[in-house]
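Have the sequence and the 3D view open as you read.

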Amino acid sequence: MKAIVYTKYGTPDVLELKEVDKPIPKDDEVLIEVHAASVNDWDWGLLRGTPFMNRLLFGFLKPKYKILGSDIAGRVEAVGKNIKHFQPGDEVFGDLTGRWGGFAEYACARENALALKPASMTFDEAAAIPQAAMLAIQGLLDRGQIQSGQKLLINGAGGGVGTFGVQIAKLYGVEVTGVDSSGKLDMMRSMGFDHVIDYKQEDFTKNGKSYDLILDVKTNRSIFDYARSLSHNGIYVTVGGSMARIIQALFLGPWISLISKKKIRVVALKPNKDLAFMNELFEAGKVKPVIDGPFKLSEVPEAMRYFGEGTHKGKVVITLEDNNYT
Ligand SMILES: NC(=O)c1ccc[n+]([C@@H]2O[C@H](COP(=O)([O-])OP(=O)(O)OC[C@H]3O[C@@H](n4cnc5c(N)ncnc54)[C@H](OP(=O)(O)O)[C@@H]3O)[C@@H](O)[C@H]2O)c1
């Protein structure tokens, strides 16, 4: 099969389209013919070998997993003998975090990493959903306890998490402000953001406004700046960004909660937990992925470069060539 392979950390130039062995599913695995995949920040970090934690977990000097790509959508080709919920021909999607392998014609997954794809959802749409939508749901609902009538700010709002986040928040009747770079603000307005802030022009932590809930994708400010921007009972939730700032939030958050009613929380992603909920929202026409691209499998290096530049809007999607679906 064809796959995008890398054997050393580096820029997207180290990614190569190669012919490799098709994976063979174990007894508790499903073999999927991949029809689409999407790029996540974790793929970017694993390509670069940053932050250092990625090297500690996934290969100190060179990558342990040679094929990146965690969010996939495709058709089940074969199942191991212990698989109960899927059969050949099923259309599925999910997040393969921890094993990756999605930038390839075929990938293996455990069944708890997969959900059935609704017929009305394209493979490209399905591949855009898993990681970013789970982070948005778990950030806003599980950790953020979003409530109707609140004022929400999403920092880093024009990418994957933010474009799902605003659609989900709007279902709760929330007023949403999005912070990102100028080139994304029109798209963000069209997605339903009530207010947009260009972070190069305005520092939202110093504009005198306060928010009941802050969902942060970038975590590039001091935890005290964020606490200042929260309303009296406000909740700050980080899903990712600067590791040093996240560690600061973990250690100083409890102290801030002790001296005020504000809460500082960190999301630890539970991959695929809310795929069924996303299916419901999608089928009800309430949430639709924002797709940038799609790029072909051979164009993954270009797609990764584009993602790394940060100019993408929503999710960068890879559509696989030579598949016979329409
Ligand atoms: N918690 C967990 O367990 C877990 C698991 C997986 C991933 N993650 C994290 O989840 C996040 C995924 O986010 P995503 O998919 O939405 O990323 P994304 O698509 O890259 O979006 C991030 C957005 O932030 C913008 N941005 C850059 N600098 C900014 C700044 N200073 N202020 C405000 N916005 C800024 C970027 O645009 P410009 O570059 O144009 O400015 C981009 O639009 C990542 O941080 C990832 O590390 C967490």
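## Before you start

Keep in mind that this is a predicted model: local features need pLDDT of at least 70 and side-chain atom pairs count only at pLDDT 80 or more, while totals for chains, interfaces and linings use all residues. Residue numbers start from 1 along each chain as its sequence is written.

## Overall build

The protein has ten helices and 15 strands; these are DSSP runs numbered from the N terminus, with helices being H or I of at least four residues and strands E of at least two. Along the principal axes, the C-alpha atoms fill a box of roughly 55 × 45 × 35 Å. The radius of gyration is 20 Å, which agrees with the value near 20 Å for a compact globule of 326 residues. That radius is taken over C-alpha atoms, and the globule rule is 2.2 Å times the number of residues to the power 0.38.

Of the 326 residues, 48% count as buried. Here, buried means 20 or more other C-beta atoms within 10 Å of the residue's own, exposed means 12 or fewer, and partly exposed is in between, with C-beta atoms placed from the backbone. As for contacts in the protein with a separation of 6 or more, 68% come from residues 24 or more positions apart. Two residues are in contact if their C-beta atoms, placed from the backbone, lie within 7 Å.

## Two domains

The domain assignment gives domain 1 (2-129 + 289-319) and domain 2 (131-266); such bounds come from an automatic or database domain assignment. The C-alpha centres of domain 1 and domain 2 lie 28 Å apart.

Where they meet, 15 residues of domain 1 are in contact with 13 residues of domain 2. On the domain 1 side, that makes four nonpolar, six polar and five charged residues. The classes work like this: Ala, Val, Leu, Ile, Met, Phe, Trp, Tyr, Cys and Pro are nonpolar, Asp, Glu, Lys and Arg are charged, and the others, Gly among them, are polar.

## The nonpolar core

A nonpolar core is a set of buried Ala, Val, Leu, Ile, Met, Phe, Trp, Tyr and Cys residues joined through C-beta atoms within 7 Å. In the largest one, with 97 residues, Ile32, Phe103, Ala127, Leu152 and Ile318 touch the most other members. Helix α4 gives the most to this core, with seven residues. Domain 1 and domain 2 both contribute residues, so the core lies between them.

Beyond its neighbours within four places in sequence, Ile32 is in contact with Ile72, Gly74, Val76, Val92 and Tyr106, among others. Glu91 is 59 residues away from Ile32 in sequence, yet their C-alpha atoms are 8.9 Å apart. Ala127, leaving out residues up to four places away in sequence, touches residues including Ala36, Ile72, Phe93 and Val317.

Most residues other than glycine have a negative phi, and most peptide bonds are trans. Against that background, the bond from Thr50 to Pro51 is cis, with omega near -15°; Pro51 is in the loop between α1 and α2 (52-58). Another cis peptide bond joins Gly293 and Pro294, with omega about 0°, and Pro294 is in strand β14 (residues 291-296).

Gln145, not a glycine, has a positive phi of about 45°. Gln145 is in the loop between α4 and β8 (151-155) and is partly exposed, because it has 13 C-beta neighbours inside 10 Å. Thr219 also has a positive phi, near 40°, in the loop between β11 (211-216) and α7 (223-228). With 22 C-beta neighbours inside 10 Å, Thr219 counts as buried.
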